[in-house]
Amino acid sequence: MTSNLFHAGRAGSNPPVVFLHGFGGSHDTWQAFPEKLAIANRCIFYDLPGHAGSLDFPGNFSPRRAGEAILADLDAQNVKEFHLVGHSMGGAICCLIAMAAPERVASLTLVAPGGFGPEINADLLRRFATCSSVEELRDCLKLMSGPGHDPEKEALEALSKHRKIPGQTEKLQEIVAIITRDGKQGALPKANLENFDFPVSIVWGTDDDVLPFSQTNDLPASFRFFPIEGAGHMLPEEAPEIIADVIRQTVSAASP
């Protein structure tokens with residue numbers, strides 16, 4: 001995979017935890033989580049194709065191609081089994097990876113994931129794709145977050161730095177057109193989700209203005225569901241301690 005790959009935490013012999021960020025983000029979304037998790041698993045962070053260090057990933061973007069690229073990279077590292085954690089579009093890609101290689105997935109933690117219904121705030125995501133300055137990003141992320149959440153200055157500056165890479169905002173506009181075609185997102189097949197036989201947890205904010213909370217109404221019975229009252233879509237930033245606790249529980253549930 002033509003990408004930046006970031007490792008943190010102790011190597012150990014346990015399956016690593018693979019983290020995928022959402023649309024318009026980068027590996028920075030998850031960098032604080034190894035310390036919060038305090039688990040004996042290596043953590044692997046990807047910049048998804050078309051984002052930051054993977055901006056030059058060849059070919060046209062699709063969530064399925066992104067999942068295939070990540071699986072190929074894990075193959076190249078000789079990673080046979082792994083836990084998956086994904087936010088938003090990264091959550092949808094995690095599900096596609098799990099459908100393609102269920103025998104390799106130890107657990108799955110989904111954070112306001114894409115693909116659980118056709119509704120998506122396409123206008124807000126299109127606006128997010130064009131933002132590059134700290135001020136523009138702050139205004140947009142406040143709309144994507146729950147009431148009262150103010151994005152941290154350091155995170156905004158890191159995101160702005162990535163957005164100023166030549167070609168980045170243009171690539172994001174291409175990607176958002178693909179994932180919100182006709183103002184809707186593609187839906188994952190529920191029958192496939194119901195067949196997952198590893199621990200699955202899903203976290204969603206009740207005030208999500210990007211992917212509506214109502215998409216949790218018909219989840220597979222085997223999923224452990226964690227609603228966060230008053231939170232919006234940017235849960236790794238809005239509720240990091242809760243997200244870390246859910247990941248830790250899910251990874252632990254997969255242990256022998």
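Analyst: A residue is called buried under 20% relative accessible area, exposed over 50%, and partly exposed in between, with a 1.4 Å probe and protein chains only. Cys94, at 0% relative accessibility, is therefore buried. The model is predicted, so local features need pLDDT of at least 70 and side-chain atom pairs count only at pLDDT 80 or more, whereas totals for chains, interfaces and linings use all residues. Residues are numbered from 1 along each chain as its sequence is written, and side-chain values use heavy atoms, with hydrogens and water left out.

A disulfide is a pair of cysteine sulfur atoms within 2.5 Å, and the structure holds 0 of them. Cys94 is in no disulfide, the nearest cysteine sulfur being that of Cys95, 7.0 Å away. Cys140 is likewise in no disulfide; its nearest cysteine sulfur belongs to Cys131, at 4.3 Å. Cys140 also counts as buried, at 0% relative accessibility.

Helices are DSSP runs of H or I with at least four residues, numbered from the N terminus. Helix H3 spans residues 89-100 and packs against helix H2, residues 63-76, at an angle of about 60°, with the axes 9 Å apart. Axes are lines fitted to C-alpha atoms over the stretch in contact, and angles run from 0 to 180 degrees between N-to-C directions. H2 and H3 are therefore oblique to each other: angles under 35 degrees count as roughly parallel, over 145 as roughly antiparallel, 65 to 115 as roughly perpendicular and the rest as oblique. Contact means heavy atoms within 4.5 Å; Pro63, Arg64, Ala66, Gly67, Ile70 and Leu71 in H2 meet Ile93, Leu96, Ile97 and Ala100 in H3.

Terms used. Helices (H or I, at least four residues) and strands (E, at least two) are DSSP runs, numbered from the N terminus.
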